[in-house]
Amino acid sequence: MSQPQIDEILDIVAQKALIDRSKLTRDAKLADLNVSSLDMVEVMFALEDKFGVELPFNANTNANEFETVGDVITLVEKQLAAKKAVSNG
């Protein structure tokens with residue numbers, strides 16, 4: 001994934017979870033940043049809208065799947081790759 005796309009993901013996470021953008025690194029733990037499950041729902045919806053992908057996320061069951069900011073980036077990367085593979089197929 002290109003750095004501009006990663007920057008867009010980080011911008012969305014910062015905006016929706018009300019976090020200082022400078023604190024967002026791939027290794028930053030969402031729990032340490034006080035990102036709630038409601039924040040994650042808003043982040044997921046915003047990422048879906050921005051990138052035109054569907055992210056498999058359920059706040060009740062998937063909230064613990066995302067331990068770090070990098071986990072969120074990886075999920076978006078996977079969905080964008082799958083979308084590209086389908087459109088090229």
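At 1.5 Å a residue, the 15 residues of helix H2 (residues 37-51) should span 21 Å, and the end C-alpha atoms of H2 are 21 Å apart, which agrees. Please keep in mind that this is a predicted model. Just after H2, Gly52 takes a positive phi of about 65°.

Which residues of H2 are buried? They are Asp39, Met40, Val43, Met44, Ala46, Leu47, Glu48 and Phe51. The cover over these buried residues of H2 includes H1 and H3.

Now to the helix pairs that involve H1. The table sets out the axis geometry for each.

| Helix pair | Axes come within | Crossing angle |
|---|---|---|
| H1 and H2 | 9 Å | roughly 145° |
| H1 and H3 | 11 Å | roughly 125° |

Let us take H1 with H2. H1 passes H2 in a right-handed crossing. On the H1 side, the contact is made by Gln5, Glu8, Ile9, Ile12, Val13, Lys16 and Ala17. H2 brings Asp39, Glu42, Val43, Ala46, Leu47, Lys50 and Phe51 to this contact. Sorted by class, the contact of H1 with H2 has eight nonpolar, one polar and five charged residues.

Next comes H1 with H3. Helix H1 covers residues 3-17 and helix H3 covers residues 69-88. How are H1 and H3 oriented to each other? Their axes cross at roughly 125°, and H1 and H3 are therefore oblique to each other. H1 passes H3 in a right-handed crossing. From H1, the residues in contact are Gln5, Ile6, Ile9 and Leu10; from H3 they are Val69, Val72, Ile73, Val76, Glu77 and Leu80. By class, this contact of H1 with H3 has eight nonpolar, one polar and one charged residues.

Reading the two contacts together, Gln5 and Ile9 of H1 take part in the contact with H2, and Gln5 and Ile9 also take part in the contact with H3. On the H2 side, Asp39, Val43, Ala46, Leu47 and Phe51 are among the residues in contact with H1, and these five are also among the buried residues of H2.

Finally, a look at the loop between H1 and H2, where Asp27 lies. Is Asp27 buried or exposed? Asp27 has a relative accessible area of 68%, so Asp27 is exposed. The C-alpha atoms of Asp27 and Gly70 are separated by 6.1 Å, although Asp27 and Gly70 are 43 residues apart along the chain.

How values were computed. Residues numbered from 1 in each chain as written. Predicted model: local features only at pLDDT ≥ 70, side-chain atom pairs only at ≥ 80, totals over all residues. Heavy atoms only, no water. Axes fitted to C-alpha atoms, helices over the stretch in contact; angles between N-to-C directions. Helix = DSSP H or I, 4+ residues; strand = E, 2+ residues; numbered from the N terminus. Parallel < 35°, antiparallel > 145°, perpendicular 65-115°, else oblique. Left-handed = near helix turned anticlockwise from the far one by under 90°. Contact = heavy atoms within 4.5 Å. Nonpolar A, V, L, I, M, F, W, Y, C, P; charged D, E, K, R; others polar. Expected span 1.5 Å × (residues − 1). Buried < 20%, exposed > 50% of the residue type's maximum accessible area, 1.4 Å probe, protein only.
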